[in-house]
Amino acid sequence: MRIPTNPLRLLSVSLLLGFAPMFAQAEEHRILMLNAAADDAQHTNVFAPDILHIALGDTVTFIPRDEGHNTASKRGMIPEGAEPWNSPMDEEFSVTLTVPGIYGYLCLPHYEMGMVGLIIVGDGDANVQAARKVRHPGAARSAFRALFKEVNTLR
């Protein structure tokens, strides 16, 4: 085997090998977009799960099990420097989250009905106070309030 002697190549190989374990450990998570909760048909238009804890660099895939749903990050509820998203309707959509903090998300057609969720990346403390202060219409207000309350009890 020939060992590279060019300093730039040595640096490139070193960097690749150094980052390899970080990328190898990234996980993939799934969130279902449903017309009703599996355990409660009266609880309509839901993400399952609606709270997800993940590690930095993990990928979340939103899967539309029923028609009429999408996922979009909520302005003011993602960490500074994070990329917002807005998926097409009725399509599977993946996002890799590389900035620690809390990510609030919603289904645009069912936002006012309370179809919302939270993804906590790392410890989620980076933007939690700012995310809590965001105002929401209709049932989304009480849905986010309940999610934040649940997050507090899980810590």
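A contact, in this talk, means heavy atoms within 4.5 Å. By that definition, among contacts in the protein between residues at least 6 apart in sequence, 66% join residues at least 24 apart.

The structure is a predicted model, in which local features need pLDDT of at least 70 and side-chain atom pairs count only at pLDDT 80 or more, while totals for chains, interfaces and linings use all residues. Residues are numbered from 1 along each chain as its sequence is written, and side-chain values use heavy atoms, with hydrogens and water left out.

I begin with the overall layout. The protein has three helices and eight strands; these are DSSP runs numbered from the N terminus, helices being H or I of at least four residues and strands being E of at least two. Their order from the N terminus is α-β-β-β-β-β-β-β-β-α-α. Of the 155 residues, 41% count as buried, that is, under 20% relative accessible area with a 1.4 Å probe, protein chains only; exposed is over 50%, and partly exposed lies in between.

I turn to the sheet. Four strands form an open sheet in the order E2-E1-E4-E6, with mixed pairing; two strands pair if DSSP finds at least two bridges between them. Strand E2 (40-48) and E6 stand at the edges with a single partner strand each, so one side of each is left without a neighbour in the sheet. E1 and E2 run antiparallel and are joined by five bridges, and Ala 37 stands opposite Asp 40 in E2.

Next, the interior. A nonpolar core is a set of buried Ala, Val, Leu, Ile, Met, Phe, Trp, Tyr and Cys residues joined through side-chain atoms within 4.5 Å. The largest has 20 residues, and those with the most contacts inside it are Val 60, Phe 62, Leu 97, Tyr 103 and Ile 119. Among the elements giving it two or more residues are strands E1 (28-37), E4 (59-64) and E8 (116-121). Apart from it lies another core of 18 residues, including Ile 102 and Phe 148.

What does Phe 62 touch, not counting residues up to four places away in sequence? Its partners include Ile 31, Phe 47, Trp 85, Tyr 105 and Ile 119.

Finally, consider Ser 73, which lies in strand E5 (residues 72-73). Ser 73 is buried, with a relative accessible area of 14%. Its side chain reaches the backbone nitrogen of Trp 85 at 2.9 Å. Beyond four places in sequence, Ser 73 touches Ile 78, Pro 84, Trp 85, Gly 104 and Tyr 105.

Note on methods. A polar contact is a pair of N or O atoms within 3.5 Å; within protein, one must be able to donate a hydrogen and the other to accept it, and residues adjacent in sequence count only if both atoms are side-chain atoms.
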